[in-house]
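Open the model in your viewer and keep the selection tool ready. The tour starts after the display.

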Amino acid sequence: MADDFFRLPAGLPVPVQDGACDHLPGKSLPRLSLPSTSGGRVELDAPGRAIYFVYPRTGVPGQPTPEGWNDIPGARG
């Protein structure tokens with residue numbers, strides 16, 4: 001079962017660049033701090049360039065993915 005966690009399902013939809021975020025480059029982020037996976041905090045308004053990838057859920061080894069999860073383009077990250 002653990003092998004299934006690392007294997008992508010057949011027919012997984014590919015995310016499509018639809019232009020919905022074309023207006024975002026150069027925009028400012030509000031003052032916001034989020035917990036990081038390293039145990040620290042990430043300050044979203046810190047100077048410099050960054051790309052933030054935020055997703056609602058990660059897979060858990062040994063647990064099935066939610067029904068319909070693989071039908072959402074980009075849901076696996």
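Start with the largest pocket, which has a volume of about 570 Å³. Select L24, L29, A50, I51 and Y52: of the 15 lining residues, these are the closest to the pocket's centre. A pocket here is an open set of points on a 1 Å grid over the protein atoms alone, where a 1.4 Å probe fits, with protein on both sides within 12 Å along at least five of seven lines; lining residues have an atom within 4 Å of a point. Volume is the space filled by probe spheres set on the points, which are joined across faces, edges and corners.

This is a predicted model: local features need pLDDT of at least 70, side-chain atom pairs count only at pLDDT 80 or more, and totals for chains, interfaces and linings use all residues. Residues are numbered from 1 along each chain as its sequence is written, and side-chain values use heavy atoms, without hydrogens and water.

Next, show the secondary structure. The chain has one helix and two strands, in the order α-β-β from the N terminus. Helices (H or I, at least four residues) and strands (E, at least two) are DSSP runs, numbered from the N terminus.

Now select F6. Where does F6 sit? F6 lies in helix 1, residues 2–6. Is F6 buried or exposed? F6 is exposed, because its relative accessible area is 67%; exposed means over 50%, buried under 20% and partly exposed in between (1.4 Å probe, protein chains only).

F6 and P61 are 55 residues apart in sequence, and 8.8 Å apart C-alpha to C-alpha.

Finally, select the whole chain. Buried residues make up 4% of its 77 residues.
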